[in-house]
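Dear colleague,

Please find below the structure that I am handing over to you, with its sequence. My findings follow directly after it.

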Amino acid sequence: MKKIFVLIGSRRKNGNTAGFAKRITDRLDKEKFEVEYAFPQDFNIAPCIGCSQCFLRTECVSNDDLRLLHEKILESDVFIIASPVYMHYFTADLKLIIDKSSWWAHTLRLQGKPVVILSTCGTNGHDTVINALDKLITFMGGNVIACSNAAALPRQLGNDKWMQEVSEEIANRINKYAYIPHQSNTDLEELFPHMKAAALMQKAQSEEDGYSIDEFNEYIYWRDTGMINYDSFDKYLNEKYMCKEVVV
Ligand SMILES: Cc1cc2nc3c(=O)[nH]c(=O)nc-3n(C[C@H](O)[C@H](O)[C@H](O)COP(=O)(O)O)c2cc1C
């Protein structure tokens with residue numbers, strides 16, 4: 001059974017964004033996919049206090065549900081992240097979760113996991129949602145396999161033909177990527193050497209300043225996963241996931 005975790009940035013459980021995501025997940029075989037939806041009001045996420053401890057420790061200092069939410073994302077075989085457009089951006093509820101996942105963007109923490117990005121809007125402002133989420137997820141190491149916005153106008157949300165075509169294409173991609181080992185892509189390959197250089201700089205700085213690199217969550221993650229020893233994310237993922245069973 002493959003797990004799909006759907007994080008919706010809207011509090012409207014029967015709203016447009018959840019409806020768009022459901023058109024896609026309803027097409028997946030229930031015998032093969034277990035789908036879980038999460039809405040902001042289902043989790044208690046405390047505001048980020050800016051202490052930066054998440055870069056030094058694996059866990060946030062707040063006693064909230066962030067860890068649980070992170071576990072659900074990390075355990076999923078495909079992650080769907082979706083938001084309505086609010087003032088040309090994704091919602092504050094989603095931004096809070098993303099802010100509190102910042103150290104993931106220094107460590108490619110999603111490790112090539114297939115990710116689908118969705119948004120819905122009235123008429124416009126979706127580029128700044130889709131492009132931002134695409135960039136953030138890529139920095140987090142997610143392999144973005146589909147991005148789509150559904151607008152009220154031009155009529156996409158209420159357009160059954162449009163919905164069918166788009167949801168079928170995305171469901172097909174989910175069916176494919178859920179069953180193959182984690183993949184890199186051109187954006188991740190471009191990013192990888194820069195992120196590795198930053199991790200190495202952190203280590204060099206710790207040596208120069210005489211403090212222990214073990215305090216730094218990010219470098220430790222690069223070291224302990226073995227990513228630091230590779231020149232490309234693709235080669236790393238291939239070796240890490242090549243033993244994973246492939247069932248298509
Ligand atoms: C506070 C707020 C801001 C919005 N800003 C925009 C916007 O900038 N552009 C747009 O086209 N629609 C905007 N909308 C409309 C929503 O994006 C649209 O109705 C969306 O499909 C709602 O999704 P939901 O039903 O899942 O909450 C906004 C709606 C709200 C409530």
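I begin with strand 4 (residues 114-121) of this predicted model. All 8 of its 8 residues are buried, so the strand is largely enclosed by the rest of the structure. The burial applies to both of its faces: P114, V116, L118 and T120 are buried on one side, and V115, I117, S119 and C121 are buried on the other.

The pairing of strand 4 is as follows. With strand 3 (residues 78-84) it runs parallel, and 6 bridges join the two. Within this pairing, A82 has L118 of strand 4 as its bridge partner. With strand 5 (residues 143-151) strand 4 also runs parallel, here joined by 8 bridges. In that pairing, V116 stands opposite A146 of strand 5.

From strand 4 the chain passes through helix 4 (residues 127-139) to strand 5, in a β-α-β crossover that is right-handed. A right-handed β-α-β unit is likewise formed by strand 3, helix 3 (residues 92-99) and strand 4.

Turning to the protein as a whole, 8 helices and 5 strands are present. Their order along the sequence is β-α-β-α-β-α-β-α-β-α-α-α-α. The radius of gyration is 19 Å, close to the 18 Å that the globule rule gives for 248 residues, so the protein is as compact as a globular protein of that length. The C-alpha trace spans about 60 × 40 × 30 Å along its principal axes. Of the 248 residues, 36% are buried.

A ligand is also to be considered. There are 17 residues around the ligand, of which G15, N16, T17, P84 and G122 come nearest. Helix 1 (16-25) and strand 4 each supply at least two residues of this shell, and helix 1 gives the most, with 3 residues. By residue type, the shell divides into 6 nonpolar, 10 polar and 1 charged.

As background, most residues other than glycine have a negative phi, and most peptide bonds are trans.

- The peptide bond from L153 to P154 is cis, with omega near 0 degrees. P154 is placed in the loop between strand 5 and helix 5 (160-177).
- S52, a residue other than glycine, has a positive phi near 65 degrees. The loop that holds S52 runs between strand 2 (33-38) and helix 2 (66-75). S52 is exposed, with 12 other C-beta atoms within 10 Å; a residue counts as exposed at 12 or fewer.
- L108 is not a glycine either, yet its phi is positive, at about 50 degrees. L108 lies in the loop between helix 3 and strand 4. L108 is buried, because 26 other C-beta atoms lie within 10 Å and the cut-off for burial is 20 or more.

Finally, a word on confidence. The average pLDDT of the protein is 95, and 98% of the residues score at least 70. Confidence is lowest in helix 7 (residues 217-225), with a mean of 92, and highest in strand 3, at 99.

With kind regards

How values were computed
Residues are numbered from 1 along each chain as its sequence is written. This is a predicted model: local features need pLDDT of at least 70, side-chain atom pairs count only at pLDDT 80 or more; totals for chains, interfaces and linings use all residues. Helices (H or I, at least four residues) and strands (E, at least two) are DSSP runs, numbered from the N terminus. Two strands pair if DSSP finds at least two bridges between them. A crossover is right-handed if, with the strands pointing away from the viewer, the path from the first strand over the helix to the second runs clockwise. A residue is near a molecule or strand if its C-beta atom, placed from the backbone, lies within 6 Å of it. Ala, Val, Leu, Ile, Met, Phe, Trp, Tyr, Cys and Pro count as nonpolar, Asp, Glu, Lys and Arg as charged, and the others, Gly among them, as polar. pLDDT is the predictor's confidence in each residue, from 0 to 100. The radius of gyration is taken over C-alpha atoms; the globule rule is 2.2 Å times the number of residues to the power 0.38.
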